[in-house]
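Some notes for a colleague on the model shown here.

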Amino acid sequence: MSKPIAGILNRAAPIALATALVALPLAARASDAPKKASATEAALPQVDDSVDPCQNFYQYACGPWIKANPIPSDQSRWGSFNSLHERNQQILKTALEDIVAHPNADNQRVGDFYAACMDETGADAKGAAPIQPLLDQVKALSGKEQLPALVAALHDVGVDVFFGFGSQADFQDARQDIATVQQGGLGMSNRDYYFLEGAKFDGIRQAYVQHVSRVFQLLGDAPAAADAKAQVVMRMETDLAKVSLTLAELNDPQQTNHKEPVATLAKLAPSFNWDAYFKATGAPAFKTLNVAEPGFLEKGMESVLAGASVDDVKTYLSWHVAHAYSSRLSKAFVEERFSFYSKKLRGVEQNLPRWKRCVMETDNALGEDLGKYYVKTAFGAGQKAKMLTMVKNLKAAYSVDIDQLDWMSAETKKRAHEKLDAIVDKIGYPDKWRDYSSVVTKKDDLVGNVERATVFETKRQLAKIGKPHDRSEWLMSPPTVNAYYDPTENDINFPAGILQPPFYFAGADDAINYGAIGAVIGHEMTHGFDDQGRQYDKDGNLKDWWTADDAKKFEARAQCVVDEYDGFVAIDDVHLNGKATLGENLADNGGHAIALKALMATLKGKAAKKDGRFTTEQKFFLGYAQVWCSNQRDDAKRDQAITDVHSLSEYRVNGVVSNNPEFAKAFNCKADAPMNRGAKACKVW
């Protein structure tokens, strides 16, 4: 079960891959004399001098990069995150190929998993046979009274039907893990896809029904029967979607905090035998749990189960079995899945090469096993030490910022300082690697390998129920190009995978590194004080530590950010969702401002000076912008605006710098310039 984390990118959305790490072109220099580029010069982006930075800083800083880096045909977007991710994938590919060629007792498990995934010929020969045992279990369902055991078996292997069940830190006592039941069971990535109006979304829903039908045909159904089954799936999922919380609602912990006795579930959804389900999962006994979305169970799941026939339920379950495993089956299943989820929804032209998909599969299944090889190759002790120094400097700047807030009372400031001081820093990789020794992998059984790895993780999560919370655990593998803050642990986490160029350049000017990785550090720290994070105390408990007046002042300032981002257009008439993206936008704005303060503090208040073409402050802003340089397909922009809590890259730059008066000073922006919001600027942290 997912935890309430906040990251620089959406963990649920796959980071697209490409060919190689893209070297950023050099900025134009004041002198035309040929010379060897310094680390600072190599780290600066080439700028577009035809664009006034005060009119559109994103285009000024990223225009040449965007022009020189078209989107590869197997990507929905291409940017700095993607190119670094590709470099990391190449490192993992080399390691995996070496492991497959030279197996030993330590690496056999990872090597066999990757080898099985790379066996495309074997997958094509098997067709749908690998999931037939699961489909047979569904087929054997003769009455709804047998459903709890069947749902438990499907959940065990990662098939998302009806709801989700797992463990989480107790909202009221974050040092303890409890059970939780959450909404689930949809085939499209967001509830809004079932209801948004307009020809575009009508077409997506029609395409989804056709996709479901074609999958049933691949499973052996005649076209007419498959069409009928697809309609059943769409009807049941739409009914579940109707009462699912929205993206913005899911971001509010008050909306998902409902600690209840287990008996409450029988009142909400009496058609489902919860005791039988929990027994079948093998979860430890428990008396209370968090019912994250009670209305979903009472008005959605209960209604669907009460109104559906046994055959309808079997149709729904069969679809989700195929949906969960279609990317691991024969080419026909793989291409059918790609045609809807990647091509239709995000505009991707062709599927990823198999090796890229298999590196990701291995990382998803055995992340810390595989991560050892990445850390050995790409992350040294020196990088960790430098990161810890930057984190220390960012914390010091954040402390000063809290003291200087003119809208916060001394009482709340005291609590804010306590929370900031309590933040735990996790850098690079876990102190103790996860033990996967019980996971059996075979060279000729990809689906079986995935099932066994998923069962391992499911059981590992369920075993936490009723036990002290393990704060040493990582929620991302070491090669991941991302970072996150966990409000229940009050910690910031930076995998080794993101501590590379263009986020961190060894030997480059501090201004560039503080603009890039420094802003990422500040982003994650600010999540501790965003619209969600501020509701948790220093120990990770959901507890109000604000005065009522300060809370109102925060909400007023946060509303400014909501309104600003609501006005940004993703594509056509689809705007960003200012409420859903609020936490990430607050983190972008706050983290960026804190990083600049930390930089200036390290320079001991020295006045801006030019080193070549740009001043210190200008290099900071350029270092920040180049992290977000990207190209993105129109369909992918639409999908991100609907499903993602992060704003589009252009607005993660322009929306931020336009709120920062230091940017206007650095680039001499006039009062009416688009990148200078002046009195309308939004500022919380």
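**Notes on the predicted model**

1. Helix α23 is largely enclosed by the rest of the structure, because 18 of its 21 residues are buried. This helix covers residues 582-602 and reaches 30 Å from its first C-alpha to its last, close to the 30 Å expected at 1.5 Å a residue. After α23 comes K604, with a positive phi near 55°.

2. On confidence: the model is predicted, and the protein chain has a mean pLDDT of 92, with 93% of its residues at 70 or more. Residues 11-37 have a pLDDT below 50, yet this stretch has 70 contacts in the model beyond near neighbours in sequence. Those contacts lie in a stretch with pLDDT below 50 and should be read with that value in view.

3. Four strands form an open sheet with mixed pairing, in the order β1-β8-β9-β7. The edges are β1 (6-7) and β7 (424-428); each has a single partner strand, so one side of each is left without a neighbour in the sheet.

4. The pairings can be taken one by one. β1 and β8 (residues 484-486) run antiparallel and are joined by two bridges, with G7 opposite Y484 of β8. Three bridges connect β8 to β9, also an antiparallel pair, and here Y485 has I492 as its bridge partner in β9. β7 and β9 run parallel, with five bridges between them; I427 is partnered by F494 in β9.

5. The hairpin of β8 and β9 has four residues between the strands, and N490 in it takes a positive phi near 50°.

6. How many residues of strand β9 are buried? Five of the five (residues 491-495) are, so this strand is largely enclosed by the rest of the structure. Both of its faces are covered: I492 and F494 are buried on one side, and D491, N493 and P495 on the other. In a regular strand the side chains alternate between the two faces of the sheet.

7. Is Y565 buried or exposed? Y565 is buried, with a relative accessible area of 0%. Y565 sits in helix α22 (residues 548-566). Leaving aside residues up to four places away in sequence, Y565 touches L576, G578, T581, N585, N589, S647, Y651, G655 and V656. For a sense of distance, the C-alpha atoms of Y565 and E97 are separated by 45 Å, the two residues being 468 apart along the chain.

Key
Residues numbered from 1 in each chain as written. Predicted model: local features only at pLDDT ≥ 70, side-chain atom pairs only at ≥ 80, totals over all residues. Heavy atoms only, no water. Pairing = 2+ DSSP bridges. pLDDT = per-residue confidence, 0-100. Contact = heavy atoms within 4.5 Å. Buried < 20%, exposed > 50% of the residue type's maximum accessible area, 1.4 Å probe, protein only. Expected span 1.5 Å × (residues − 1).
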